[in-house]
Amino acid sequence: MTALTSRMRGTTADWLLRNHIWLFLALAVAVFSMASPYFLTVNNLGNVLTQAAFIGILAVGMTMVMINGEIDLSVGATLALASALAIGLQPAIGVWPAVFVGFLSGVALGALNGTLVALSGMHSFIVTLGGLIGIRGLVFVYTGEEALMVEDFAYTDIPEVYLGPLSLTAMIFLALAALFQWVLTSTRHGRETYAVGDNIAAAHDAGIRIKRHKIINFTICGALAAIAGILLSMRLGTAEPNAGRIWELWTIIAVVLGGTRLAGGYGSMWMTVGGILTLAVLRNGLRLLNTPNYVELMVMGSVLILALGLDRVLAARKGAA
Amino acid sequence: MTDVILSVAGITKTFPGVRALADVSFDVRAGEVHALMGENGAGKSTLMKVLAGLYKPDAGTITLRDEPVTITSPLVAREKGILLIHQELSLSPELSVAENIYLGAWPTNALGMLNKRKLRADAKAALDALGCDFGPDVRVGTLSIARQQMVEIARAQAFNADVVIFDEPTASLTDGERRQLFATIARLKSAGVGIVYISHKMDEIFEITDRITVLRDGQVQGTRITADTDLAGITRMMIGRDLASYFHRAREDFRDEVLRVEGLTHASLFSGVDLSVRAGEVLGLYGLVGAGRSELVETIFGLRHADAGRLIWKGQEIPFPTPRQAVDLGMALVPESRKEQGLVLGMGGRENVTLPHLAMFSSAGVMDRGREREVFDTYRDILDIKTTGPEQPVEKLSGGNQQKFVLAKWLCAAPSLIILDEPTRGIDVGSKSAIHELIAKLAEDGLAVIVISSEMPEVLGVSHRILTMTEGRISGSFTGDGMTEQALIDAVSQPANRAVQEDIA
């Protein structure tokens, strides 16, 4: 009996150690609920989730790549390209074919990133930094530096499907997070993702095809960036050439905030969802309190460092035990 | 005994699961070369790291020039006058020789700016004292390994070190460079420096050392004056136990040949290697560190590309495999470095065991955790692995238990050939004998087994046949009564350019 309780307590403590971000989130929700009467309403929380979903979808792909021990800085630019293609091609080939081409562009760019990383041996930071600049340039060339407007505004009604307060966009985000959490924990690909990120030499010796594996994860990341771009174009009805600028940084911040390690081999989608929601709640709460934009950035920067500091402290305590 | 410059007494150091040093005492005199000998895992490197401030001992005292000292970091060690020259040199290739000599202690002027003139002059003085043929301004990355080693030794000169520890200094030197190194050591010696010399090469030990201290399983076996002892005496101290009764050799029941390689060559690592192994046979591969043994088996397993040679697998010539194909053929390689190559440390035992066989444990890409769990339980019981459960990250386990997981990982796919590279390095005696028993059992179950080991008693104790490897070539083949310590030592210590010895047995 005692053994059982102590084991259960051990498990709870373990869970909290691994998912400290949810504590942060609960704390943030509690603080803003007390500070603003508008915060804890079904409508507002539904909005928070919808706003979070775009970077959230990027973060799902980023988590796969980061557990692999890599990074993808080009997701914001890929999102902008997919969004521009999905709107810009509509007059020529119709709505759904345009959306499909937008999606394919993300798949192709992800595969290209992955292939370059896998075959050249260059660090993904460099390869995708090139991607970030190059793809953004492509977006400017394609859009002629102007925002593209959708011709038929029925396009913007597509994501206007709600399940209670949940928008279709938010549902897609949560469904993708759930799907890839399942991939990570229950499939061969997921197992390989952790193994490659934690110890690439051991994974190679075990006969895992590292290059092919990495290409797949970069392709997933690119595809998800394209999905986020398409959903954004539907929500806005326009495709800005500057869409998604520095979103790659917010994405990485959210993933790291969740607890996934930059070095690879450790992390989960639930951590990433926690990180995304924490960022979104902070941003929303601070705006409800009419905090000036630059103060908002300062608070969010501090929270990032605080959360990671906490992660280090907890990890050290756990290591000592 | 006024000339004792460094003495250590009662040093004990324990790592999780292993007692690396137990009550170790020895001393070094001024102007003496003192050899520290022992098999791999005997505790030499731990002792060195204690002296150099890299490890903190659990107990014991270090006395330097009659004063007790506490060495908390390499910097402190250097200030006190102890300098360790690593086997892998620790220099910054982009910096100059002078900057490297004084790394971490660059002379500065009153404003805290680097005093380049003094740096250069001091470095030049140190280099000249050692008779170096290069100047202080050369970028270190452009120097040969032997000259880089001189830069490290120049540090000893520059900091007036009382004690210099050499760890396998000749491992990557040519014969001529080795001569120069010995001349330098003689110079340090005549200047009254105490030298601790660690090497596996017996001929060197007898040539340049004054006294020899032997360690075994973390304990000092004794200190001898070099002139009063001989190879057999030292070897007995290093091994120290009755081989025949200690090791368990598999019953001889050889069946069909599983693997044969002919003329296997890798441009820079080894050349013209022939070997074959049959089902039920344990083939030992003995040689010094750096002889090319690990590289050889890595090539067979597809981790390196072969430049020439043939591979015959179960009677059929096949192209050299990729690691994936090697696994699918039925080869298993248990690598030398558990942590770097063998295990994914953050994962639990269950996930590590099934890692090379994910296809076997999944359908349509979805893992079958129930079956993984069964295999985990089976091997935990067979190998008697101490773990709290299938999900406990393997980084928390002792070396012996980690090694058992590496074995489980390869055994669960029922391979026909298993290659074990230093299977008992760094693990405690109890786990060692468990692994030796397992090796015998595997062979009796009809596997072909190749065991690489630098530990002579191990390779003599478990093998049916032994090949020795020297500088990338097979230098001898021994069976039955021909397998003796002396025969192996002779085979590996002969220079490579001498005629290759064939089948002595």
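1. The second largest cavity holds about 50 Å³ of space, where a cavity is a set of points, on a 1 Å grid over the protein atoms alone, at which a 1.4 Å probe fits but cannot get out, and where the volume is the space filled by probe spheres set on the points, these being joined across faces, edges and corners. The structure holds two cavities of 30 Å³ or more.

2. On provenance, this is a predicted model, in which local features need pLDDT of at least 70 and side-chain atom pairs count only at pLDDT 80 or more, while totals for chains, interfaces and linings use all residues. Residues are numbered from 1 along each chain as its sequence is written, chains are lettered from A and ligands numbered from 1 in the order in which they are written, and side-chain values use heavy atoms, with hydrogens and water left out.

3. The lining of the second largest cavity (residues with an atom within 4 Å of a point) consists of A:Thr50, A:Pro159, A:Glu160, A:Tyr162, A:Ser167, A:Thr169 and A:Arg235. These residues divide into two nonpolar, three polar and two charged, with Ala, Val, Leu, Ile, Met, Phe, Trp, Tyr, Cys and Pro counted as nonpolar, Asp, Glu, Lys and Arg as charged, and the others, Gly among them, as polar.

4. Between the chains, 19 residues of chain A are in contact (heavy atoms within 4.5 Å) with 30 residues of chain B. The buried area, that is, the accessible area (1.4 Å probe) that two parts lose on being put together, summed over both, is about 1900 Å² for chain A and chain B, and carbon and sulfur atoms give 56% of it. Of the area that chain A buries against chain B, 38% is supplied by A:Arg188, A:Arg191 and A:Asp205, more than by any other three residues.

5. Two salt bridges (a side-chain nitrogen of Lys or Arg within 4 Å of a carboxyl oxygen of Asp or Glu) are found across the interface of chain A and chain B. A:Arg191 forms a salt bridge with B:Glu351, with the closest N and O atoms 3.3 Å apart.

6. Over all chains, a search of the whole structure finds 37 salt bridges. Within chain B, B:Lys124 forms a salt bridge with B:Asp128, the closest N and O atoms lying 3.1 Å apart; both residues belong to helix H4 (residues 116–129) of chain B and are four residues apart, about one turn of the helix, helices being DSSP runs (H or I, at least four residues) numbered from the N terminus.

Definitions and conventions
1 Å grid on protein atoms, 1.4 Å probe; cavity = no way out; pocket = protein on both sides within 12 Å on 5 of 7 lines; lining within 4 Å. Helix = DSSP H or I, 4+ residues; strand = E, 2+ residues; numbered from the N terminus.
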